[in-house]
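Hello,

Here is the structure I promised to hand over, with my notes on it below.

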Amino acid sequence: MVKALVLRTAGTNCDGETVHALHLSGAKVQVMHLSELSRNPQQLDDYSILVIPGGFSYGDDVAAGRILANELKFRMGGALRDFVRRKKMVIGICNGFQVMVKAGLLPGLDADDFSQTVTLAQNDSGRFQCEWVKMKKEKSRAHWLKRMPAAFVLPIAHGEGKFMTMTPALLKTIEKNAQVVFRYSGKNPNGSVSAIAACCSHDGNVVGMMPHPERFVTPYQHPN
């Protein structure tokens, strides 16, 4: 059975839904607080999947996900780097995605460099948005998602979800490398460059996305 670790800290609030979704997928799931994992980062070796769920880690003070990103980099960066190198999966959802880009895990062009090259900035609307959005799947390096439907809907709930790259050249590289996993279809709710809703690492084992898949795992969660 696949073992998944859901990481939580102060302000995380989507860990329960994430655990439920992973259970439905057949995984054996453990929830662990950052303080416990950082005391012994080698615990990561026991898992195949690390999930950083949504919420407002540390109240999103400074910037969304920034504090947790720094904790991951400076308290357990070596173990996290080894986890990724071994092609184990890391999934970041909403605040988890914000954490991953600010920790330098995505776009992950250099596994040895945790420098930040992309960000998730304030929505063009200048406000928090909670709504359902249309999505489309791209042919990406995240091959484990290839059986997903070509088009679907998911809910979003964020104030800083505008995907941006440091340079236009980097955007071209991400596109060329097939690292765009999902795009917004039709309406681009936050103004993300190229309507990017999710991206993956060069090897495809690290994926971050702003919409919340864990909030739509049964038909009864859809407004219709």
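This is a predicted model: local features need pLDDT of at least 70, side-chain atom pairs count only at pLDDT 80 or more; totals for chains, interfaces and linings use all residues.

The side chains of R183 and E138 meet in a salt bridge, with N and O 3.2 Å apart; a salt bridge here is a side-chain nitrogen of Lys or Arg within 4 Å of a carboxyl oxygen of Asp or Glu. R183 sits in strand β9 and E138 in the loop between β6 (129-137) and β7 (151-158), so this pair ties together parts that are 45 residues apart in sequence. Helices (H or I, at least four residues) and strands (E, at least two) are DSSP runs, numbered from the N terminus. R183 is buried at 13% relative accessibility, whereas E138 is partly exposed at 23%.

Residues are numbered from 1 along each chain as its sequence is written, and side-chain values use heavy atoms, with hydrogens and water left out.

Back to the charged pairs. Side chains of opposite charge can pair when their charged atoms come close. The whole structure holds 10 salt bridges. One of them joins K87 and D203, at 3.8 Å from N to O. K87 belongs to the loop between α3 and β4, and D203 to the loop between β10 and β11, so parts that are 116 residues apart in sequence are tied together. Both partners are partly exposed, K87 at 49% relative accessibility and D203 at 46%. E214 also forms a salt bridge, with R215, and their closest N and O atoms are 3.9 Å apart. E214 is buried at 3% relative accessibility, but R215 is partly exposed at 26%. Through shared partners, salt bridges join E138, E175 and R183 into one network.

Buried residues of α3 include L68, L72, M76, L80 and F83. Among the elements that cover the buried residues of α3 are β1 (3-8), α2 (34-39), β4 (89-93) and β11 (206-209). Just after α3, K87 has a positive phi of about 65 degrees.

What about the nonpolar core? The largest one has 64 residues, and L44, L72 and F182 touch the most other members. α3 gives the most to this core, with 8 residues. By nonpolar core I mean a set of buried Ala, Val, Leu, Ile, Met, Phe, Trp, Tyr and Cys residues joined through side-chain atoms within 4.5 Å. Leaving aside neighbours within four places in sequence, F182 is in contact (heavy atoms within 4.5 Å) with residues including M135, L145, M148, F152, I196 and M209.

M209 brings us to β11. V206 and G208 point one way from this strand and V207 and M209 the other way, and all are buried. β11 runs parallel to β4, joined by 4 bridges, with V90 opposite V206. β11 also runs antiparallel to β10, joined by 3 bridges, and here C199 has G208 as its bridge partner. Strands count as paired if DSSP finds at least two bridges between them. β10 and β11 form a hairpin with 5 residues between them, and G204 in the turn has a positive phi of about 85 degrees.

Lastly, a few backbone details to check. The peptide bond from L106 to P107 is cis, with omega near 5 degrees, and P107 is in the loop between α4 and β5 (118-121). D60 is not a glycine but has a positive phi of about 55 degrees; D60 lies in the loop between β3 and α3 and is buried at 17% relative accessibility. S194, not a glycine either, has a positive phi of about 55 degrees. S194 is in the loop between β9 (180-184) and β10 (196-200) and is partly exposed at 33%.

Best wishes

Note on methods
Buried means under 20% relative accessible area, exposed over 50%, partly exposed in between (1.4 Å probe, protein chains only).
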